[in-house]
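This briefing describes the architecture of a single protein chain.

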Amino acid sequence: MRKLKIGIVCYPTVGGSGIVATELGIQMARRGHEIHFFSSSTPFRLSKRCSNVFFHQADANQYAVFQYPPYSLSLASKIAEVSRREKLDIIHAHYAIPHAVCAILAKQMVSDELKVMTTLHGTDITTLGYDASLHDVIKFGIEKSDVVTAVSDSLIQETYELIDPDKEIVRVHNFIEESFCRVPTNLKSELGIPLENKVVLHISNFRPVKRVDQIVRTFAKTLEQVRATLLLVGDGPESSSIYHLVKDLGIEDSVIFLGNQESLQEIFSVADVFLLLSDKESFGLVLLEAMACGVPCIGTSIGGIPEVIEDGENGFLVPPEDINTTKERLVKLLTDDALHLHMSEKSLDTARNRFGAEKILGEYENLYYNLLDKVEIV
Ligand code: GMT
């Protein structure tokens, strides 16, 4: 089969959609395809040089006449220029706006032969989709893409409910690489966590939707029954209020704020349980990362989380806002060693067998080739 030339458009910052797009590109390059990333700066996780991988930066033009620099136009122009010069086959846009729309514009500038695949990640629908002023442009981005995927069945359903596009949407779950696994580490003693303490972990961008307040409140109640430390990783709009909540609850000695971190495998490797109590979550890539390190998860039974956590098998699902049930499940998992071992093994199995990179990359690769069906494949 002919190797493909694929453009990947994504956000560069720490965040699920950018991470998935970057890992996908790197893995496709390892499969021999030529990958061209388009973003406003080098995507987080694309730090090392990889063969077959190119990066094209789109800069917003700063002219006095523009009250707001038109980044989307610069991005579309960059995609068109590189697609023409490098003869790209496909542009794979991650996130509906502006990326899908920029890719469609670039296609119109270049040729109909250039195919556009769009992957919906979550907030592009579940948050922006509620904004009436963006509804039509999101719908346009979906309908004019040659193929559209979404990272969970739940997100597909929500897209039809909110946007009602006249377009088939294919589910391609997020994936985790084999190499993402538990590693030996001294982190627990480095952080001064007593060895007998259990470690509860949460990682996110600290946006309101992540409900980090619920995590802190649940943990405070758990401390009445279990000796434990809460590790909070990430940074975002809620960070300060969470810090104040921890103080108000008088649990500062049991909570460690690590901010944004790069070596996540080490952090997962000291955790006993991972908590994700979001209000909205189309998938929860971080759950897969935890599971791949053998860490059972407790998550809210919303969005795509139930497609990852099987209640009572590889973790627990809890109703949103139900701190008592969440605390009960957390205490059980932290104190019942046999249950913990069972769920840890099931978590590893879920990460490797249901969401392993090989399987999911194959699904993307098939979609790429199907898209180019009419193009001669040699
Ligand atoms: O809110 C985030 O976690 C960031 C957001 C993004 O767009 O980068 O993540 C979304 O995409 C991830 C990758 O597909 C999913 O795992 C997250 O569940 C999804 N976030 C939400 O739906 C809130």
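In this predicted model, the largest nonpolar core holds 80 residues, and the members that touch the most others within it are L120, L201, L231, F268 and F274. Helix α14, spanning residues 357-371, is the leading contributor to this core, with 8 residues. Apart from this core lies another one of 28 residues, including F206, I215, I298 and F316.

- Leaving aside residues up to four places away in sequence, F274 touches L201, H202, I203, F268, V286, L287, A290, V295, P296, C297 and I298.
- In soluble globular proteins, nonpolar side chains tend to be buried together.
- Of the 378 residues in the protein, 55% are buried.

**Overall fold**
- The secondary structure consists of 14 helices and 13 strands.
- The protein is as compact as a globular protein of its length, because its radius of gyration of 22 Å is close to the 21 Å that the globule rule gives for 378 residues.
- Along the principal axes, the C-alpha atoms fill a box of roughly 65 × 50 × 40 Å.
- Among contacts with a separation of 6 or more, 69% involve residues 24 or more positions apart.

**Surface and charge**
- The accessible surface amounts to about 16,500 Å², and carbon and sulfur atoms account for 49% of this area.
- The protein carries 37 positive and 52 negative side chains.
- The centres of these two charge sets lie 4 Å apart.

Note on methods: Residues numbered from 1 in each chain as written. Predicted model: local features only at pLDDT ≥ 70, side-chain atom pairs only at ≥ 80, totals over all residues. Heavy atoms only, no water. Helix = DSSP H or I, 4+ residues; strand = E, 2+ residues; numbered from the N terminus. Rg over C-alpha atoms; globule rule 2.2 N^0.38 Å. Buried < 20%, exposed > 50% of the residue type's maximum accessible area, 1.4 Å probe, protein only. Contact = heavy atoms within 4.5 Å. Areas by Shrake-Rupley, 256 points an atom, 1.4 Å probe, with all protein chains shown as cover. Lys, Arg positive; Asp, Glu negative; His and termini not counted. Charge placed at Lys NZ, Arg CZ, Asp CG, Glu CD. Core = buried A, V, L, I, M, F, W, Y, C linked by side-chain atoms within 4.5 Å.
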